[in-house]
Amino acid sequence: ISTEWVLFPNSEWSFQFYARYEAETSRLEEHTYYVSRKSDCMGYGVGLEVQPGYDGEEDDYQGWFRVWLLAFPDSNLDLGG
């Protein structure tokens, strides 16, 4: 089961939350947080993904930074991972 919420998707600032839950094991598999800002010609975003560790395992974190041109929405440069 997964869900995604986007707050203010067409505004200057946008906030996104994503979560995925495994019903068979009753565990939260991952949750993601993403913030983006659109200026006159560029878009910028930063995100964090967390995969919880279970049974003594450590949580796994992944962060990223994204830059894109608003005139060319299909082009982007992703840094991080």
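What percentage of the 81 residues of the protein count as buried? In this predicted model, the figure is 19%. The accessible surface of the protein comes to about 5900 Å². Carbon and sulfur atoms account for 54% of that surface.

The protein contains six strands and zero helices. From the N terminus on, its elements run β-β-β-β-β-β. Contacts were also sorted by sequence separation. Among those between residues at least 6 apart in sequence, 20% join residues at least 24 apart.

Strand S1 covers residues 2–7, and strand S2 covers residues 13–22. The two strands run antiparallel and are joined by six bridges. In one of these pairings, serine 2 has arginine 20 of S2 as its bridge partner. Five residues lie between the strands of this hairpin. Within the hairpin, phenylalanine 8 adopts a positive phi near 60°.

Serine 14 belongs to strand S2. Its relative accessibility is 9%, so serine 14 counts as buried, the cut-off being under 20%. Leaving aside residues up to four places away in sequence, serine 14 touches Val6, Leu7, Phe8, Pro9, Tyr34, Val35 and Ser36. Phe8, one of these contacts, is the residue with the positive phi in the S1–S2 hairpin. Tyr34 is another residue that serine 14 touches. Serine 14 and tyrosine 34 are 20 residues apart in sequence, and their C-alpha atoms are 8.2 Å apart in space.

How values were computed. Residues are numbered from 1 along each chain as its sequence is written. This is a predicted model: local features need pLDDT of at least 70, side-chain atom pairs count only at pLDDT 80 or more; totals for chains, interfaces and linings use all residues. Side-chain values use heavy atoms; hydrogens and water are left out. Two strands pair if DSSP finds at least two bridges between them. Helices (H or I, at least four residues) and strands (E, at least two) are DSSP runs, numbered from the N terminus. Buried means under 20% relative accessible area, exposed over 50%, partly exposed in between (1.4 Å probe, protein chains only). Contact means heavy atoms within 4.5 Å. Accessible areas come from the Shrake-Rupley method with a 1.4 Å probe; for residues, only the protein chains shown count as cover.
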